[in-house]
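Welcome! Let's take a walk through this structure together, one region at a time.

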Amino acid sequence: MFKHVKSLQYTVRVSEPNPGLANLMLEQFGGPQGELAAACRYFTQGLGDDDPGRKDLLLDIATEELSHLEIIGTIVAMLNKGAKGELSEGTQKEADLYRSLTGNGNDSHITGVLYGGGPPLTNSAGVPWTAAYIDTIGEPTADLRSNIAAEARAKIVYERLINLTDDVGVRDALTFLMTREVAHQLSFEKALYAIRNNFPPGKLPPVPAFANIYYNMSGEGEVRGSWNSDENFQYVADPQPAVDGGDGLAVLTIPESQKVDYQVMAQRTQSDPNINPATGAELGSTPLEDKDLGSKGQP
């Protein structure tokens, strides 16, 4: 059960309308790193989690993300107030109104005209929100790592938005939202490491023969560090196929009922390496030395 509290989680003050900035803010409203995606991600994870502590954590943060969605949506609506009135009432001359929208950059004229200045569920480029942004897989150790990365990406987007405006009130609200992303990262990481056997994700163990091997797949000039050090890995400088000791070939056993048809098809479509057929590209090309000869250069 939800109860809407009419006051925002954080006080929002906007100094003046700015439809261009409003459009950029939509990245955190209906974008892949935005607050709606975060709320849906954590709600679905929390509803399906059997651990009471994680369930509570996920639903708490999901609910807070909805409050952040409310803050961003409110900022977008406030930044669009001036343009919204002018669009609705037609009080400004057509050319001046168009310049006031397009002059702010991006697609603010599109979101303004299509959505009347309200906060649509799109990103800053007008792409509609989609549930495909939710990458939950149902394994806590994998989902928590994904949540940590999602909060990190959201923090970076907030940093970039902060750098785009000198509106003190907007910057203040965005800084609060950015800071909460950091707090959520910490909570998710604590929850991850509260699972004692959290690596590797899932139940099945890795194959021991390949679990601690690092293959240098990029040739000479390899940079060595803890990620491929001899201390942590068996370093293979020049890996050759097949690493399992086999011949590296793909083998398929075809049922007898399908073998004859397969062999007929393979024989019918087999290439002949002994022929050099003329191609359409060759027949339609003009020799370089004849290009300036006009019709005389044609056979």
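**A guided walk through the model**

Ser-124 is a buried residue, because its relative accessible area is 17% and buried means under 20%. Keep in mind as you look around that this is a predicted model. To find Ser-124, go to the loop between α7 (108-115) and α8 (140-162). Its side chain has a partner there: the side chains of Ser-124 and Glu-27 make a polar contact of 2.6 Å.

The loop between α7 and α8 also holds Pro-128. Is Pro-128 exposed or buried? With a relative accessibility of 52%, Pro-128 counts as exposed, because the cut-off for that word is over 50%. If residues up to four places away in sequence are left aside, Pro-128 touches Leu-121, Thr-122 and Tyr-133.

Now step back and take in the whole chain. How many helices and strands does the chain have? There are twelve helices and two strands. Of the 299 residues in the chain, 32% are buried. The chain exposes about 19,400 Å², and 56% of this area is supplied by carbon and sulfur atoms. Contacts tell another part of the story: among those with a separation of 6 or more, 69% join residues 24 or more positions apart.

Next, let's turn to the aromatic rings. The structure holds six aromatic pairs. One of them is made by Phe-2 and Phe-43, whose ring centres are 5.7 Å apart; their planes stand at 80 degrees, so this pair is edge-to-face. The pair links distant parts of the chain, since Phe-2 sits in the segment before α1 (19-25) and Phe-43 in helix α3 (residues 35-48), 41 residues apart. What about their surroundings? Phe-2 counts as exposed, at 59% relative accessibility, whereas Phe-43 counts as buried, at 18%.

Another aromatic pair is formed by Tyr-10 and Phe-176, and this one is stacked, with 4.4 Å from centre to centre and 10 degrees between the planes. Here too, distant parts of the chain are linked: Tyr-10 belongs to the segment before α1, while Phe-176 lies in helix α9 (residues 168-193), 166 residues apart. Tyr-10 counts as partly exposed because its relative accessibility is 25%, and Phe-176 counts as buried because its value is 19%. Aromatic residues also gather in a group, as Tyr-214, Phe-233 and Tyr-235 form one aromatic cluster.

Which residues make the nonpolar surface patch of about 260 Å²? The patch is made by Val-207, Phe-210 and Val-243. Phe-210 lies in helix α10, which runs over residues 208-211. Its relative accessible area is 36%, so Phe-210 is partly exposed.

Conventions. Residues numbered from 1 in each chain as written. Predicted model: local features only at pLDDT ≥ 70, side-chain atom pairs only at ≥ 80, totals over all residues. Heavy atoms only, no water. Patch = residues over 30% accessible without salt bridge, like charges linked within 9 Å, V, L, I, M, F, W, Y side chains within 5 Å. Areas by Shrake-Rupley, 256 points an atom, 1.4 Å probe, with all protein chains shown as cover. Salt bridge = Lys/Arg side-chain N within 4 Å of Asp/Glu carboxyl O. Helix = DSSP H or I, 4+ residues; strand = E, 2+ residues; numbered from the N terminus. Buried < 20%, exposed > 50% of the residue type's maximum accessible area, 1.4 Å probe, protein only. Polar contact = N/O pair within 3.5 Å; in protein donor to acceptor, adjacent residues only side chain to side chain. Contact = heavy atoms within 4.5 Å. Phe/Tyr/Trp six-rings, centres within 6.5 Å; stacked < 30°, edge-to-face > 60°.
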